[in-house]
Amino acid sequence: MIQFLVGDARTCLQKVPSDSVHCVVTSPPYWAARFYGGEGTTWEDGQTIPLGMERSPRDYLRHLVEVLHGCYRVLHPMGLVFVNIGDMWAGKRIIQYDKTTGQDYYKNFGFKNYSDVDYPTEWGLKPKNLIGLPFRLAFAMQKKGWNLRSVFPWVKRNAPPVTSEIKRPSSALEYILMFSRQTPHFWDKDAVLIPSETWPGGRIRRDTDWFMDSLRGIVFDDGSSPMGLVLPTMQGGSEHQARYPTGLVDPLVKLGTSARGCCPSCLAPYKRVVEKLREPYPWRKTVGWAPLCACDVLPPIPCTVLDP
């Protein structure tokens, strides 16, 4: 069942029961990238501005943490939060305007010009410096009590090339931050494993071969643990200007939720029980599921995924 809660994410999260969400997958507006419409949100610091349109990247991070920290109460103690966030270079901001009406959104929100940006002095940012927003967000969430469990890459196959004047690699990499309320937490890597095959040369196909062969989809290390995603951005078919692809969301949901479901009483997820095989090649076979609680209430119900 899919349920839509329309409104301010902070307000809508208050309608979600505590400890009821097993996995959060979200890609919030990036700072200084594009305007999604609306009259702006009033934040705890008194500013009224859309997320991503802030004059200072520090204000953007403060507002973003304000939203994401609202997930702490609703997240199940064994749940996970995945945040896809891009970075930005210090300097002149990207021009934001409505191509249809020509309306200038920056001036509407009180900016003098497109370079009217307030970079925190203590950050030491010079023009053309990469700001490091994903990592600054990660550290800010840690200060709020979250566990930063991992940072893994999304390599975009269709990233636009850069001109020779820019003198840096193209921006083909974004990051997915993985947070938890506690450790241990739920994690089902078997849900995304790809079976090996016998290599024509006689050796067992390695997980790194998948990377070298296709450079697409989920990428594993030699120990069959997922370490990154390689896939293009989503284009066309929607009015939304920056959709994240289903291939990005699908493995995160599978890793963070139980395919068997959860206990209808305490909502603890079921754990996959696997058997390690040696023939015809090394592999892991699912032989059943085990509850992670002692409630003994059946049948299990589907896990809950949230995108604030």
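Predicted model: local features only at pLDDT ≥ 70, side-chain atom pairs only at ≥ 80, totals over all residues.
Residues are numbered from 1 along each chain as its sequence is written, and side-chain values use heavy atoms, with hydrogens and water left out.

Cysteines to begin with. How many disulfides does a search of the whole structure find? The search gives 0, where a disulfide is a pair of cysteine sulfur atoms within 2.5 Å. Cys23 is in no disulfide, and its nearest cysteine sulfur, that of Cys303, is 9.3 Å away. For Cys262, also in no disulfide, the nearest cysteine sulfur is again that of Cys303, at 4.6 Å.

Are these two buried or exposed? Cys23 counts as buried because its relative accessibility is 0%, and Cys262 counts as buried at 1%. The cut-offs are under 20% relative accessible area for buried, over 50% for exposed, and partly exposed in between, with a 1.4 Å probe and protein chains only.

Now the surface. Ile2, Phe4 and Val6 make a nonpolar patch of about 450 Å². Patches are made of residues with over 30% relative accessible area and no salt bridge; like charges are joined within 9 Å, and nonpolar side chains (Val, Leu, Ile, Met, Phe, Trp, Tyr) within 5 Å. A salt bridge is a side-chain nitrogen of Lys or Arg within 4 Å of a carboxyl oxygen of Asp or Glu. The areas come from the Shrake-Rupley method with a 1.4 Å probe, and for residues only the protein chains shown count as cover. Ile2 lies in the segment before helix H1 (9-13), and is exposed, with a relative accessible area of 72%. Helices (H or I, at least four residues) and strands (E, at least two) are DSSP runs numbered from the N terminus.

Last, the backbone. Most residues other than glycine have a negative phi, and most peptide bonds are trans.

Thr183 and Pro184 are joined by a cis peptide bond, with omega about 5°. Pro184 sits in the loop between strand S6 (173-180) and helix H6 (207-214). Another cis bond joins Leu298 and Pro299, with omega about -5°. The loop holding Pro299 runs between strand S10 (283-291) and strand S11 (305-306).

Asp296 is also in the loop between S10 and S11. Its phi is positive, about 60°, although Asp296 is not a glycine, and Asp296 is exposed at 72% relative accessible area.
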